[in-house]
Each structure stands twice: as C-alpha cells, then as structure tokens.
Amino acid sequence: MAADEEELSINEQAISASEDEEGSDDERKHKKLLEAISSMGSRKRKKQNERSEASVQVSEFFVNAEGTGEKVNLSDLLGTVEKTSGASNKTKKQLRNLQSSKETLELPLNKQQTEKIQRGIAYEKTAAEVSCWRNIILQNQKAEQMVFPLNQESPGPKRVEQVVAGWKVQTPLEQEIFRLLHINSQPVDDPVLTPVEEQSLKAMSLEEAKIRRAELQKARALQSYYEAKAKREKKIKSKKYHKVQRKAKCKDFLKQFDEMVKTNPEGALEELKKMELSRMEERMSLKHQNSGKWAKSKAIMAKYDDSARKAMQEQLQMNKDLTQKIVVPSDDEHESNEEGLETIPDFVNDSEPVIDSVNPWMRGQLTHEEPEVSCVTTEDVQTAEEENEEEELVGEFERKRKLRQADEEDLIPTEEERKRAGLKKIQPASEVVEEDVVEVSDKEEEDDDDDDEEEEEEDVSEFNTLFRLMRSEKTLEGSNQTREGLNTPGQEDEEGLLNEGQIRVRNIEDLEVLGEFVDPQPIAEPSLPRTAAVEATSEPPYKKKREIDLKEVLTKEAKAVKVPFLPTVVDEEERDEQISIIKEAFAGDDVISDFIKDKSKLEAAGRPEVVDLTLPGWGEWGGVGLKPSRWKRKRERDEQISIIKEAFAGDDVISDFIKDKSKLEAAGRPEVVDLTLPGWGEWGGVGLKPSRWKRKRFRIKTAPPPPRQDQKLPDVIISENRNASVASHQVSQLPFPFQNTAQFESSIRTPIGPTWNTQSVVKNMTKPKVITKMGAIIEPMVKEDFIKNKTTTPGGKGPAIMLGENKRAKEGTKRSSEKHRGRRSQKRRK
Amino acid sequence: HQSAYESDNIKVLCRNPDDYVRETTRDIQRVPRNYDPTLHPFEVPREYTRALNATKLERVFAKPFVASLDGHRDGISCITKHAKSLSTVISGACDGEVKLWNLPRQECLRTVQAHEGFVRGICSRFCGTSFFTVGDDKTIKQWNLEAPGYGVREEPINTILGKAVFTGIDHHQRESTFVTCGQTVDIWDEQRSSPIRSFSWGVDSFSCVRYNPVETELLASCASDRSIVLYDTRESAPLRKVIMQLRSNTLCWNPMEAYYFTCANEDYNLYTYDIRHLDVPVTVHMDHVSAVLDVDYSPTGREFVSASFDKTIRIFPKDKGHSREVYHTKRMQHVICVRWSADNKYVLSGSDEMNIRLWKANASEKLGLLSTREKAAAHYNKKLIEKFQHHPQVRRIARHRHLPGDILKQKREQREMKEARRRREQNVRKHSKPGSVPLLTEKEKHVAAVVE
C-alpha cells in the first residue's frame, strides 16, 4: 500500500510539473482523466489539496501544508501520545493536567520592580561576600602591633628553589613530566621536601624535638645516677648499715601502708595479702626458730654471754612478729570497741592528790576560783624587799583561800556533786573549753557514723594530752607560786588586763553561790570569761542569765582563757584606779561603743521578729498589684520605726556627728601666731608680762579661710581636704575603657620606663601599635592573601614549581604576573 | 708553690673585664643597674613628670610643614600618587595643566597641557607606567609616565572622546579596567574606546567614583542628588543608594578594612559607613567649619586626612568623632584635594592658591633614619603620653592647637548655632505630643533615606 501511494504521488508530481509548463488547456484534460481514473477505482481516494494560490508557507513537497495557519492544539498531541507506547505515563499525566487547567500566566513585573529586586539580591550577595573580612578586620583592630607593609617578604638571601619557583613549564615534554610529578606528589626540585617529610616536620617542630631530647637526656642521666648509687650501696659491707636501712624501709613501708589504707583500700588489701603470704612462708620455714647452726652455737654461748642470749631472744621475737596474724579491723568491731571504751579519761574522775589546792583542774572539780595569773614569769627583776613583801602577801592569800574553800565546801556540797555528775555525763566535748553546746549535744547523741567516731576518738586523745599537759604545767606553776608567790593586786591588774575578756555572763545561781564573797559592787575584779563548756557542765543552756554591766569596766574582747575563777573583793579606791588604767590602755579603741553594739545585736537577736501578719486579701480586695490598705501599712511602718529606734537606742549618732563637725570647724579656724619677745624693748623677768601694745603688735592673726562649704548645711560635712594645687593634676573622672578606679590606678601604677624595668621589658611595654617600614609602599590588602579557598587557578597558568610559601598564595589566586613584579620592586624608590 | 699558698690565704678582688669594658669606644659605657624598687622610689610622679615633658616636647617639635611645590598657574584640582614610586606625584590644575613632581627634590619633572578647561581627575595605572586624566573637554587621555625624547611633542598614548564631561576617574587595582563618572558611571576597558558597562540610576551627574582597593570589584560614587551609590562591576545593576541631607563631595575606601568607606560632605562633616549597614553611619567626624572637599585614607587604614573649604587640613582617627590634628598656614587657601603618601609618613594637599604642600603625617615626628636609642626614646615618650593621656595637664597640652582667628570664630559661631538648634528641638519636643518628635542621635540625623 505505502509503495503504491508513493508511486502515485510521484506521478502526480510529474503531472503537476508539466501542468505548470503547458497551461490551463492541459489542466482541464488532466482533470477529466483523473476523474475517469478515480471513477474506475472502487475505493474512494483521499482528495489531495492543491496549491492554487500564492502562499507564504510552502511545503517541502510543493504541496500546501495542511493546517499551517492553525496552532497545534494540545489535544492533537495528546491523541498521538495516547497511542504511542513509548511515552511515559508521567508525561501523559502532565499533559492531561495541562489540558484541564484553565489558568493564565501572570503578567511580568514592570521594569522598576524587577530592577529593584535584582539590586536587592545583588546587594545581599555583596554584603555577604564582604562580611568574610570581618574576622580579619576585628583581629587587626585588636592586634597589639601591626607591621606594615603586610605580608613582607623575609629579608636576606633566598634559597635557589624560591627563586626558581616562578619558572613555568613551556614545552609539552616538560608539561608531561611535571604533570606526572604532580600526580605522584613528588618533589619537583631536589631540596624541596616531599609531602610526607613535610608532614613529619610539622608533627614535630624543632623546639619540640629539642625539648624532647633534653627530657630523654635527663631521664637517662637520672637512671645512671640511680644505678650508680644502688651499686655503691650494695658494695657497703657494714651489716649495721644494712640493718638500719632495712628498718628505715620497713618504717617507710608501714607509713605508706597506713596512708594506703585511707586512700587506696584495694592496694592495701593487696599488701595485706602479701603480708599474709610472707607469714605463711615464715611459718613453713625454720628461719628464726633458733634451730640453725648459728642458733645452736649461740645457745651454747647463751649461758655465759648476755648478748648471745639477747640475740636469740631477738630471733624468737622476730619469728613471733612475723607469724602473728594480721587483724583487719572491721566496722562492727570498731563500734563495739567504741561502746566499750570510756570516752572520758579515767583521771578526770579521779580524786585529786592535793598537789595544788589552787588549781581547780587538779582537784577534778570545776569551781570558780581566783584567777591564775599565768604571766608571772616576767617579774624576774624584783628587789629583795619586794619579794619579802610578796611572800607575806602570798601567805595571807593562801590563808584566805583556804578559809574560803572550807566555807564553800560546807555551803554547797550538793552543787559540787551535781557538777561532777554533769561533768561525767558530758562527753569529752568539754575538752577545749570553748566548745559549742550544740556540739556537746551532738556528741551525746552518739552518731554511729565512722567519721564522727574517729573524730571523737581524736578528741578524746587530744583531750587526754591536753589534760596531761595542763596538769604538768599547773604543778610547775604551783611550785612557782609557792616560791614566788602572787603579785601585788595592782600589778596583778595591770598584768591581767591585756588578756582579759569583756563580757562576763554569769548565772544567777552562781551569783547566789558567790553572794557571800561578792561585794555590792562585784565587778571591779577584772574577770576572765566563763566559757560555754563550763556553763554547759553546770546547768542547761536555757537557764536564765544575767549580765553584769561592764560599762564601767572597760575591757577588751573576750579571749579564751581556760580557767574559771571567782571575782575577788577589791576596794573602792583600787577599783577607780583600775578603771583609769583600763581607760588609758584602751584610749584608742572605742570599746564602749563596740560593747553597746554587741549588746544591741544580742538584744535584737533575742527580740521577737516583726512578723508580717497582714493577709493581703483579708478584709479588703486582694489580687496582684493590690497592696494592703493604708492603715495596715502605717501600722507596719510605725513598728519599723520603733524597732529602729530601739536598735539605735544606745548610741547617740546625732551628737557624735555634731561633735565631729565642730571639731573639723575648729581645726579649720586660723590660729594666732604669737611673736612677742618677752624682754625685748622693756623690762623682762619673772612675773612680768609683755605690754599690751606689744601683744597687740606681735600677735598676728592669719586671714580667715574662706567659709566652709557646709557652713549652712547643718547635717552635712563636706571635707575640705582636697588640695587645689594637686587637683589640677589629678584625673577627676574615670576614663572610658576602665571599669573601676582600681583598674585605672593599677594601670598608672605600673612604671614602663627603663629606670624600673629591664631593657627587654621596656621594649615590650613601649612597642608601638603600628610599625611602618621606611620607604616602603604600603599596599592595600590583597584578598587572596587573607581569604583562602576563593578561586582555583586555571590549569597551566601557575608556576610549575610550587613551594611551601607560594602554595597558599597560588591556591587562591589568579594574581597577574604584574602583581608579582610589583611586589618585588616595591622596595625600590625612584 | 708559694704563690699557690698565698692565693689560698689572700683574697683578691677579681672582676671580669667583660662586665665593665665596652667593646668599642663608640659603645656607651656599661652601667650595672639594680632594679630594686626601693632604690627607685616615686615611680608614678616621676613618670608623670616625664609624660608631661614628653607632651610639651611633642608640641614644641610639632612642625608639620615640610615643603611647598609651586609651579601651577591655576588652582590645583586633583592630585594622585604614583602607584609604584613614593617620590612621584602627579597633579592637575584648573587650567588643564598636569605636572609631575619629584618630592625629595621638590621640583617639577614634567608639565603637560592635558586638557582644555579643568583637569577633573587623574589616576595612575597600577603598574606605574602610565596615568589617565579626564577633563572638561569630554576626553579621557592616557599618558606615558616616561617623558618623551627631546624635541618630541607631548602626545597622549590614547584619547577617548566621550559624550559628556567626565568628573572623576579611578583605576582598577590590578586589572586593565578603569571607571569614570560624569552623567553616568562607566567602566572602561583600556583596549576599547567605548565603555564596557555603564550604570545610571536616575541621577544626572556624579562627582566622584572610587574602586574598593580590597574588594576590587566594588565601586562607590557620590552623586549630585545627595546620594552615595554602590556598584558591583559583576552585576548589571547598582547595589544600593544612601541619600544624605547634603551632597557628598568625595569618598574614600579604607584600604585595610574592606567594608568601610568615608565620605566628605558639604555639611562640614565626614561620615564613615559600613556598606553592610548603610542606614546609619558608623562614625560622624566633625571639626571642619566649612564644606569638606576631599578625603584620603592612610595606607594603614587607621586614620584619614580631609581637606576643607575652610582652608585647613585635618587628620582623623578612623573611629573617632574629632580630629587629632589640624594643619593650616597663612597662605593656604581653600584646600581642594589631599592625599596620604603610600609610606604613611606624609600628607599632600593641593589648594586654590596653586601650591601643593607636603606635610608630615605626625607633626612632631623626627624624619630620617633614627638610631635605636632615638627610636626607643620616641616609643617610650609616646607610650608615656598614652599612659597619662587622661590627666588634665597632659591632655590640655596635647590637645592644644593654634587656629586662625576666623576659623576659631566660625567654630564658636557654629557651636552656638548647634546649641540653639538643639534647644529649639528640645522646646518643640516639650510642647508637642509625646513621641511625635522623635529623639534622633547625631548619626541618624544626616541620613535621609536608603534606596534599594
């Protein structure tokens, strides 16, 4: 079929060609013929279009293309697509969707808007690009020193490789060779290092290598020293030496072991196991059993020789020691031990062999006693007379004391007993006399914690030692006392004052007890503070206490003195004297105010706090932002005011202030300078005064200073100490970068000059911020030098030989050769 | 044996001559020094005195004027530095004459009648072999830096005739393109006679265009509609535009900090901008009492110098609001152009009265080669002044400058005006609805708009 049609069309072409040439006559004939032919055929033939008039679009085959004017519809395409099996389903689907959608495209934006958008995008891009400089710029701004021109080439002669570096490959052969070399990352020039070598170099710089070598050397040297030492020691023949060494080692080991128990229990266990092993070995062996040759010989000697006997005994002892089982203290055991153990040393309760009746400690009872002035020793240089007097005095004192003691014992036996009981009850916490009551109670609770127990144990031991120490001291003192006796009361005061405390808190009971001996004014005796622990022993802490007003007696802050005692009777006169002495001694410190402050503090602490009982929503509207009503607030404020008043009831601040101010004013007032010469120009002598005119003439009043700034401000003191002549040189405001005056002052205080610093320090401190090289052109920054991985070089353009220094630059550049030339020649100055 | 015996018993003082003998007679005497602070008391007062003396000496030695180059027959309109030679300077005058100067010899090497009318701009090619000039005769001319042989006429290498007057020119840092401005901003290739690209954004004339020396594809120009326009040569359109209250005359990019530029404005101030945040200038530099005509950065990017119509040159630290130095002479008239030399040592100014003046960038700096001791002393003094800069006496002396009477008067006048303006604004604010008169900072006041 297709072949037939083709033939036909060829015929037609031929005909039509002739047709053009011949004319319309033939055309008619031809038409007839055609009709005839077509009528002959049974099949209906498709009628071919003919080009009958001039047309723009001429088909390839001289036939008018069908539907040339029309647009190709999507449906046309679709029809064929549906039929063809090759087209994917996806495209079919898309085409179908397209066909069904009815939307039209939007109009393009007008030119202004598109340009604006373009500009915006371009700007963003540029801004982002420029921002990559940020770090460099910040770094340069912060840099302590900048050296310009940047990227200076190192001065001095260059290596050959560096000079050669700019050389480029030219011939194809060279190119080939270099390509190969580059591919295999081989050094292009001999002296240049391979990447591997470079890496190894990088891994260990010269300094590091040097340091490492030095370390190794040192280690080797040390080792050899040790070896030599060990050799030397080994050579020593002395048995004694080795014995001593061994013992020292043993001791060391024990010490270490003790520590190990605390720090590294596992290690300690290991050690223990080792010990166990050695024990077993000892038990197995006959060593130290006195069964050896040596032992036998010694046994014979033993009868006559003491030392031999001793040696044998030693051997046996050794064996015993080594075979003894090591006891591991377990926790339970510990506890039981603890319980069994009396926490109080026995001698606390022992009745005292009366060595010194003066010392309460020695008697085992804690009664209030006369002060033991412990600093008696200073009174070495005393005349014989005084000594005699003293002895007399001492005798008197002794007598008195004994008397009193007897009385006391008669009066308060129960008291004493109770105290003793108390002392027994409380735990050794009373050890240091200033121990807190709380702590005592804690101890009483007997926590089972190991730590506590340990502490307690320590405490006990400490207590024991302390106790013993004190005892010995006291005995000594006692003997001293008997020899030297006591000081006279006055001296006693003076001596004692410095160590004396100030507050003396006493119980009413105590006072009652002491009542008989205490005068109506019992204070005079400078008294040492009773310590809390002692109080704790005597009565429970909540007992009411009364303070003795010490306003009259000015004493220093309480110092811990361990011995409690009774106040003694002093005469009125003595007391005054004492007070005056005390006042003199404490002229500097404002003891009274301190005392008052302390007192007020104590009072304040004791006083009930102001409890805010206002319930916000009670009796009125409540809510966020609403305050309790005014009467409520007023009441609170009144309370506050009263509290403040109470708190400051003691010190008169206002009068102090006024005093201060008047003092300052007086100091500022001009003084009269008296220049009168008594005997000059007239008679002089005893009882004669210079005449009035003279006094008038020669007593010079200086001009009054300008009125004080605070003259009209009654409640302000403005200091006029500022020196105007210096002020002009002083900085009045804190300058900008400094945070506080201390910083600024310290910056000024450190000298930077060569008078105070070494040369190198000065050089370092005074180095300028910017250094420029003389006669060198400072070129602007080159982006490629500072910001890497920007662009890559195109293939053959770069130099064939790349070196360490140039690599970096090359990686990110396409800097023209002119640039390079420029760099080189920049130093030249025309 | 005897001597040994003696030496055992007799102790002789023995010193190593290395400790006290100097190597050559030109060396200074070696003085052992004890740095024990108790031996050198009063550090602070002594250093303070030294600082005060250093400050005074600094002022005593502050003689910034080095030389004056005369020879032009009209006001100097533009100066440029040679790209590769410190000693060569090219200047153009209002009569179309261009002169090449040798600075150390202080003489004119060559004179070229380059244009008819003003020489509006000169720039040197980056390689330093030729330079370009633009003038009022609508031409761009490229000249060889080498003088022609004897008897040969001065001829430009290239001449490009443009359609309109060119007002400024600048050359790319390392490529053979340059940019001119006039009615549009044009980018030219040296090999072509027509611009390869031209930018315009609704403005009829530009007064100055500058390449960014670091980000070499960036451009900035000052336009007569009070705006500063940024361009990127890789983009087809300009980037952004800032419109200020008054016109900017020239601008200069910071050669060390890519995104900062400073513009010299008609309102007597200079503004430093960060191109990433154009809406507010980074710093406003105030001190001039008349329009600022030119500005140039020091090659270190730390300071810049500005020339003003008020007949002074001022040097500003790049981040400070006020100048650290002011230069003026009796005979110097309106300063039209100013450049900072490429070695950071000198400043060149060209003024209306036909002279080019050479100034020191640091007024009291000693020129020439310094010995190490001189250098150390200078550094120490500088550091001392810096250390005690907040002390009133030091500050007073260090900040004292002599100003011509009329400038002083103008300054005072302007202070008053400013105060009055401030007061007035305050009053307005006081008597208007709260919030309706916003409180503007000095920086915000001068920017009218940023156009995208």
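## A cis peptide bond in chain A

A:Pro149 sits in the loop of chain A that runs between strand S1 (146-148) and helix H7 (160-164), where helices (H or I, at least four residues) and strands (E, at least two) are DSSP runs numbered from the N terminus. The peptide bond leading from A:Phe148 into A:Pro149 is cis, with omega near -5°. Most residues other than glycine have a negative phi, and most peptide bonds are trans.

This is a predicted model, in which local features need pLDDT of at least 70 and side-chain atom pairs count only at pLDDT 80 or more, whereas totals for chains, interfaces and linings use all residues. Residues are numbered from 1 along each chain as its sequence is written, chains are lettered from A and ligands numbered from 1 in the order in which they are written, and side-chain values use heavy atoms, with hydrogens and water left out.

## The two chains

Chain A contains 34 helices and six strands, while the secondary structure of chain B comes to six helices and 29 strands. Of the 830 residues in chain A, 25% are buried, and of the 452 residues of chain B, 51% count as buried; buried means under 20% relative accessible area, exposed means over 50%, and partly exposed lies in between (1.4 Å probe, protein chains only).

Contact here means heavy atoms within 4.5 Å. In chain A, 71% of the contacts with a separation of 6 or more involve residues 24 or more positions apart, and in chain B, 48% of the contacts between residues at least 6 apart in sequence join residues at least 24 apart.

## Helix packing

In chain A, helix H11 (residues 239-263) and helix H12 (residues 265-284) pack at an angle of about 135°, with their axes 6 Å apart; axes are lines fitted to C-alpha atoms, for helices over the stretch in contact, and angles run from 0 to 180 degrees between N-to-C directions. H11(A) and H12(A) are therefore oblique to each other, given that angles under 35 degrees count as roughly parallel, over 145 as roughly antiparallel, 65 to 115 as roughly perpendicular and the rest as oblique. Among the residues making the contact are A:Phe253, A:Phe257 and A:Met260 from H11(A), together with A:Ala268, A:Leu272 and A:Met275 from H12(A). By class, the residues of this contact divide into eight nonpolar, two polar and two charged, where Ala, Val, Leu, Ile, Met, Phe, Trp, Tyr, Cys and Pro count as nonpolar, Asp, Glu, Lys and Arg as charged, and the others, Gly among them, as polar.

In chain B, helix H2 (residues 43-60) and helix H4 (residues 392-399) pack at an angle of about 10°, with their axes 9 Å apart, and H2(B) and H4(B) are therefore roughly parallel to each other. H2(B) contributes B:Tyr48, B:Leu52, B:Thr55, B:Lys56 and B:Arg59 to the contact, and H4(B) contributes B:Gln393, B:Val394, B:Ile397 and B:Ala398. Five of these residues are nonpolar, two are polar and two are charged.

## The nonpolar core

The largest nonpolar core has 37 residues, and those with the most contacts inside it are A:Trp133, B:Leu230, B:Leu251, B:Phe261, B:Tyr273 and B:Ile275; such a core is a set of buried Ala, Val, Leu, Ile, Met, Phe, Trp, Tyr and Cys residues joined through side-chain atoms within 4.5 Å. Not counting residues up to four places away in sequence, B:Tyr273 touches residues including B:Ile228, B:Val242, B:Met244, B:Phe261, B:Leu278 and B:Val447.

## Loops and strands of chain B

Two residues other than glycine deserve a look for their backbone angles. B:Lys311, in the loop between strand S23 (303-308) and strand S24 (313-317) of chain B, has a positive phi of about 70° and is partly exposed, with a relative accessible area of 28%. B:Asn344, in the loop between strand S26 (335-340) and strand S27 (346-351) of chain B, also has a positive phi, near 70°, but counts as buried at 16% relative accessibility.

B:Gly350 lies in strand S27 of chain B and is buried, with a relative accessible area of 0%. The C-alpha atoms of B:Gly350 and B:Gly75 are separated by 7.9 Å, although the two residues are 275 apart along the chain. Leaving aside neighbours within four places in sequence, B:Gly350 is in contact with residues including B:Ile76, B:Ile79, B:Val335 and B:Ile356.
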